[in-house]
Amino acid sequence: MTDATAPESQAPRAGTLFAPDNRPRRRNAAERRFRAYGLTAVGLSILALVVLLSSVIGNGAGAFRQTFVEIPLTLDARIVDPKGNRNIDEMKKVTTIGYGRQLEASMVAAVAAAGLKTEGISDKDIAGLLSKEAAATLRNRVLANPALVGETITFRALANGRVDGFFKGRVTMESAELDSNVTPEQLGLAQRMREAGLITLAFNPDFLLGSDASEVRPEAAGLGVAILGSAYMMIIVLVLALPIGVAASIYLEEFAPKNRWTDLIEVNIANLAAVPSIVFGILGLAIFINMMGLPQSAPIVGGLILTLMTLPTIIIATRVSLAAVPPSIRDAALGVGASRMQAVFHHVLPLALPGILTGTIIGMARALGETAPLLLIGMVAFVREYPAAPPEGFFDPASALPVQVYNFTQRADPAFVERASGAIIVLLAFLICMNAAAIILRRRFERRW
Amino acid sequence: MDDIRYADRIVSADEVKIAARKAQVYYGTNHALRDVDVDILGKTVTAFIGPSGCGKSTFLRCLNRMNDTIPGCRVEGKITLDGQDIYDARVDPVQLRAKVGMVFQKPNPFPKSIYDNVAYGPRIHGLARSKAEIDEIVESALRRAALWNEAKDRLSSPGTGLSGGQQQRLCIARAIATSPEVLLMDEPCSALDPIATAQIEELIDELRAQFSVVIVTHSMQQAARVSQRTAFFHLGRLVEYGETGQIFTNPRDPRTESYISGRIG
């Protein structure tokens with residue numbers, strides 16, 4: 001964009017200072033154009049970000065609120081404890097089908113007690129307003145506390161995904177006509193129940209804490225296992241990648257001789273950072289699962305793969321920040337008789353720390369959002385059981401947040417769109433927290449020289 | 001002189017502290033310094049002068065093996081400190097640098113407090129057993145570097161917050177805190193204004209009582225002001241070495257004369 005200087009003429013320039021002649025005018029126009037391009041680029045990126053965020057939040061915010069049905073329920077001993085001896089082993093023989101009958105009776109009774117019209121709706125359809133998860137919830141509650149048998153309790157259960165969708169605007173009377181899972185009459189009843197206070201929309205902690213649920217009960221699906229799995233993997237990445245990466249970079253930057261071998265290593269580290277993540281997944285599958293026999297779907301394998309992926313990022317960031325420490329600091333330390341290791345650990349490393357931490361956290365944030373390699377090692381499996389506490393839990397099957405998003409989007413029920421967006425919001429919240437931590441650490445440790 | 005350690009190092013001014021014989025320095029294949037023979041005396045200020053790139057800084061950095069940190073740098077010939085070859089395989093450069101301190105061209109205090117800057121050397125060399133002893137060393141070093149009065153109330157404030165001249169005196173204090181026997185200074189005043197330069201020069205003159213000081217300088221006036229002996233380097237060779245007065249008033253070599261009178265360099 002720069003204009004070559006024209007040969008200077010010896011004659012004094014004509015014209016006045018107040019009216020720019022052609023050359024400055026062209027230069028100024030070029031600068032204005034360049035600024036306009038820049039502003040446009042920034043504007044477009046902000047627009048894209050806003051669209052993305054508003055779409056994700058618009059779709060996903062609903063996942064945190066869920067429709068609940070709250071009814072009085074008298075636990076009938078004839079159904080839940082047919083032997084009548086409150087023996088927990090006997091009571092376990094009653095399946096959710098039995099509890100389903102109990103729920104159906106209570107729902108019908110509650111609707112009748114509220115004086116709501118139920119013409120054209122069978123008892124089974126009334127009970128169908130509840131999630132299929134409700135019977136299991138009730139069963140667990142009774143088995144946890146057998147003393148409840150015979151008592152009247154207030155039972156709060158998830159509503160069916162279609163009912164939930166109806167209150168969130170996803171399901172309409174028209175779509176219900178075509179839907180074999182729900183009838184317009186049921187939705188009408190649900191509307192009346194809401195007006196009667198039997199149905200409420202409330203914050204649903206189980207979205208964050210609960211485990212995944214099957215295809216037919218989107219209302220019960222939660223992220224607990226995925227969040228735990230991701231957290232375990234991040235712990236593994238931090239514990240392995242940070243010390244290994246920092247040690248490798250310190251050696252390469254400060255101690256290693258500069259020769260062809262170190263050049264080769266340097267080039268390869270830079271290349272490793274650019275290797276597609278799925279390749280790391282195949283590598284991990286071959287080495288960690290097939291050769292070393294580590295369990296599938298386990299955070300330990302995912303963590304190891306993500307460590308391999310994060311290492312080049314950390315090494316590059318660390319080397320850059322080590323190289324950015326002025327050599328005069330090394331000279332000063334060596335000059336008073338410090339050994340090279342003392343010079344590095346007492347003076348160079350503290351100065352490079354903000355850069356190292358930022359690089360590490362950015363690398364970890366990238367690892368947190370990584371999906372492809374985890375699919376290959378089986379973390380895509382449907383996992384309902386929570387992994388145990390670490391360290392044993394590192395070897396238990398778990399899911400991961402991005403994989404959970406992928407999982408949700410694979411499912412047919414439109415209610416999972418909301419779940420997937422909700423999971424993305426959680427993932428983004430984690431990423432924002434990590435980046436904020438990076439900024440805070442940077443500020444805290446930054447020193448001037 | 002509140003430190004007993006200096007008492008046993010009073011030596012005669014004619015004693016040879018550092019001797020170089022046929023010293024050669026190569027940077028890779030580039031023969032940067034050829035056949036340097038110099039005797040640096042104890043309790044003397046020796047100035048190295050010469051045009052840029054003549055090898056004077058290179059030679060200075062040979063004297064405490066700072067060149068070891070430069071990849072591809074090779075030193076041949078013999079350089080001795082008190083008769084011991086400093087390039088002997090048994091010599092630990094770390095120990096050598098505790099005896100031969102160095103002050104650099106640009107003030108380079110650590111981004112730590114003034115106190116920690118001065119205390120760092122004594123700490124890593126284990127020169128003090130207690131906090132009180134370190135306090136004492138820090139105070140005496142700062143006093144000898146003529147910085148105590150300015151710094152005593154702000155010992156815990158960062159060394160990088162001082163002015164350029166103060167920073168350089170802090171670096172001198174840091175170097176003398178490890179009680180070296182020789183102090184190497186690589187253009188210590190090139191980044192300073194005339195007033196700060198004058199203070200440093202005065203300081204160098206005082207330091208001569210305790211150390212052998214070797215100073216590389218671009219300013220011939222400075223060499224004439226502070227040094228007793230001067231070495232003139234040109235194109236990687238030591239051209240002339242002798243009494244400062246003789247070098248500046250009656251140089252034997254025509255190249256020295258040309259440089260001194262401003263015709264080359």
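This is a predicted model: local features need pLDDT of at least 70, side-chain atom pairs count only at pLDDT 80 or more; totals for chains, interfaces and linings use all residues.

Student: Let us begin with helices. How are two packed helices described?

Tutor: Two packed helices are described by the angle between their axes and by the distance between those axes. In this model, helix α14 (residues 299-324) of chain A and helix α16 (residues 340-368) of chain A have axes that come within 8 Å and cross at roughly 150 degrees.

Student: Are α14(A) and α16(A) roughly parallel or roughly antiparallel to each other?

Tutor: Angles over 145 degrees count as roughly antiparallel, and α14(A) and α16(A) are therefore roughly antiparallel to each other. Their crossing is right-handed.

Student: Which residues meet where α14(A) and α16(A) touch?

Tutor: From α14(A), the residues include A:Leu306, A:Met309, A:Thr313 and A:Ala317. Among those they meet in α16(A) are A:Val348, A:Ala352, A:Gly355 and A:Gly359. By class, this contact of α14(A) with α16(A) comprises 13 nonpolar, nine polar and one charged residues.

Student: Which residues of α6(B) and α7(B) meet?

Tutor: B:Gly164, B:Gly165, B:Gln168, B:Arg169 and B:Ile172 of α6(B) meet B:Ala196, B:Gln199, B:Ile200 and B:Leu203 of α7(B). The contact of α6(B) with α7(B) has four nonpolar, four polar and one charged residues.

Student: Let us turn to strands. In what order do the strands of the open sheet in chain A stand?

Tutor: A sheet may be read by strand order and by the sense of pairing. Here three strands of chain A form an open sheet in the order β2-β1-β3, with antiparallel pairing. At the edges stand β2 (152-158) and β3 (199-203) of chain A, each with a single partner strand, so one side of each is left without a neighbour in the sheet. On average, neighbouring strands of this sheet are turned by 40 degrees against each other, direction ignored.

Student: How many bridges join β1(A) to β2(A)?

Tutor: Strand β1 (residues 65-74) of chain A is joined to β2(A) by seven bridges. As one instance, A:Pro72 has A:Thr154 in β2(A) as its bridge partner.

Student: Which strands pair with β1(B)?

Tutor: Strand β1 (residues 16-27) of chain B pairs with strand β2 (residues 30-41) of chain B in the antiparallel sense over eight bridges. Within this pairing, B:Val25 is partnered by B:Leu33 of β2(B). The hairpin of β1(B) and β2(B) has two residues between the strands, and B:Gly28 there takes a positive phi near 65 degrees. Eight bridges also join β1(B) to strand β4 (residues 73-81) of chain B, again antiparallel. In that pairing, the partner of B:Ala19 is B:Thr80 of β4(B).

Student: How should I read the buried face of a helix?

Tutor: An α-helix has 3.6 residues a turn, so residues three or four places apart point the same way. In α3 (114-125) of chain B, the buried residues include B:Ile114, B:Asn117, B:Val118 and Gly121 of chain B. The buried residues of α3(B) pack against α4 (131-144), α5 (148-151) and α6 of chain B. After α3(B) comes B:Gly126, with a positive phi near 65 degrees.

Student: What do the buried residues of α15(A) pack against?

Tutor: Helix α15 (residues 327-335) of chain A has buried residues including A:Ile329, A:Asp331 and A:Leu334. They pack against α16 of chain A together with α2, β6 and α6 of chain B. Just after α15(A), A:Gly337 takes a positive phi of about 95 degrees.

Student: How many residues does each chain give to the contact between the chains?

Tutor: Chain B gives 21 residues and chain A gives 17 residues. On the side of chain B that touches chain A, α3(B) gives the most, with four residues. That side has 11 nonpolar, seven polar and three charged residues.

Technical notes:
Residues are numbered from 1 along each chain as its sequence is written. Chains are lettered from A and ligands numbered from 1 in the order in which they are written. Two residues are in contact if their C-beta atoms, placed from the backbone, lie within 7 Å. Ala, Val, Leu, Ile, Met, Phe, Trp, Tyr, Cys and Pro count as nonpolar, Asp, Glu, Lys and Arg as charged, and the others, Gly among them, as polar. Two strands pair if DSSP finds at least two bridges between them. Axes are lines fitted to C-alpha atoms, for helices over the stretch in contact, and angles run from 0 to 180 degrees between N-to-C directions. Angles under 35 degrees count as roughly parallel, over 145 as roughly antiparallel, 65 to 115 as roughly perpendicular and the rest as oblique. A crossing is left-handed if the near helix is turned anticlockwise from the far one by less than a right angle, and right-handed if clockwise. A residue is buried if 20 or more other C-beta atoms lie within 10 Å of its own, exposed if 12 or fewer, and partly exposed in between; C-beta atoms are placed from the backbone.
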